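Student: I am new to this structure. Please take me through one part of it, the sheet, in detail.

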Amino acid sequence: MTGRIYLKLMAAVLGVLIVALASVDFFASRVAEASYLDTLEREMTDKGRLIARTFRADSIRDAAGAARGRVTLIARDGRVLADSEASADQMENHRGRAEVDAALNGAPGSARRKSATVGVDFLYVAVPAGEGALRLAVPLSEIDSQVDAIRRRMLAATAIAFLPVLLLTLPLARFIARRFRQLELSLECEHTELERVEQVRKDFVINVSHELRTPLASIQGYTETLLDGAIDDPNHNVRFLTIIRQNAERLANLTSDLLTLSRVELKQQRFQFASYDIGKLIEAAADSMKPLAAKKDIGLSIEHGDGTLEAFCDSEAVNQVVTNLTDNALKYTPSGGSVTMGARRAPNQNMVEVFVRDTGIGIPVGELPRLFERFYRVDKARSREMGGTGLGLSIVKHLVRSQGGDVRVTSEIGRGSEFSFTLPVEDLGLSEQGDIRGQLTV
Ligand SMILES: Nc1ncnc2c1ncn2[C@@H]1O[C@H](COP(=O)(O)OP(=O)(O)OP(=O)(O)O)[C@@H](O)[C@H]1O
Ligand SMILES: [Mg+2]
């Protein structure tokens, strides 16, 4: 591609040079021809005057040799008295020739035309000579060849003058071609990014519709069954109503998750940043999750480490993140297992790291990169059965990034997972500048 632009540029420059060269040639040859004719006319007039002074009719051929042209002597009445190339008595009366007419009237005259005698283009110059006129003639073909020589020399000189231009153009054209290529690449990138965003949007709409359809269909189906008579069947009516309630809850969860997600993504979520004792925030989240853990017979504990750790964050958002991670840990850990939460200083000293560890089913390594995408679930059927929407982790990711941190996960199938996220220790000024890291990146 770079090559093609380069070739086009060079062709354009060459084209311009050729046009310039052609115009120089056109005007230069005009000027050269005109000035050469002028000089020649003057020379011939001078020569004519000189010859007229010393002229003898019998030496007309010598005179022609000296003048390097044809010499004609014309009487006052226009009769040709002598000619260096034709016999005078066979030549017509020359009175009517413009140059002869001028000379007979006392002033030198000149003309260009085809000779009636020889049939070639001539330059004629006539001067008064005694009673009559003396005329010199040279064929214009000679002038043409002189002008051609001048032209060739001027063309060569102009071409040489253009050479540096051409040499300068080579690197310049290469530079411009490269710039074009860069521009083209960045446009391609933008295009790909736009296509990707469009695809994400389409996937999102498809996913949302799908997620809404399943519980709605279930609610619709069971409501109809009840209306069709099952409402009076004591063996089934309560079970059907329970299913309807579960699906309604799922719809409620889904809509609230979608709302949270779009608020974070559109940055409408106003964060209230402050310094918090992160251990306290974890305890508060753990307290709210205890009943659920107890119900599933899972031990929920907090690991106390490096003393008090402070984080600069939004307590509500942190609570939502920890709750989401703990909810997952409890959901994907079989009864009898354990979930441990805690905080530690991150390898980067300006950050603290919060973790939620479980002894659950674990996640295949291949699934980890996509885990934080919206609606992504490792085991779709199982997650749905548990009322999951697959939005929890993408909310977690956005909330964490909006606070200047990042999320990580390590996991081993059958042994458990550890989800962790970082938070800045000090104010990064996120509340004022509106954080770009919170933008949609799934
Ligand atoms: N602690 C965990 N152990 C094993 N798998 C997990 C764990 N946490 C998340 N996952 C997997 O990641 C998927 C995505 O989790 P996410 O929280 O986004 O969705 P969800 O829990 O299915 O639904 P919800 O939107 O209700 O949270 C889950 O469906 C599950 O397959
Ligand atoms: Mg979840």
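Student: Which residue is the bridge partner of F122 in β5?

Tutor: The partner of F122 in β5 is P139. First, some ground rules. This is a predicted model, in which local features need pLDDT of at least 70 and side-chain atom pairs count only at pLDDT 80 or more, while totals for chains, interfaces and linings use all residues. Residues are numbered from 1 along each chain as its sequence is written, and chains are lettered from A and ligands numbered from 1 in the order in which they are written.

Now the strands themselves. Strand β4 covers residues 121-129 and β5 covers 132-139. They pair in the antiparallel sense over 8 bridges. Strands (E, at least two residues) and helices (H or I, at least four) are DSSP runs, numbered from the N terminus. Two strands pair if DSSP finds at least two bridges between them.

Step back to the whole sheet. It is open, has 5 strands and runs β2-β1-β5-β4-β3, with antiparallel pairing. At the edges are β2 (80-83) and β3 (109-114), each pairing on one side only. From one strand to the next, the twist averages 25°. Axes are lines fitted to C-alpha atoms, for helices over the stretch in contact, and angles run from 0 to 180 degrees between N-to-C directions.

Helix α2 (residues 60-67) lies across β1 (70-74), β2 and β5. Its direction is at about 130° to β1. Contact here is between two residues whose C-beta atoms, placed from the backbone, lie within 7 Å.
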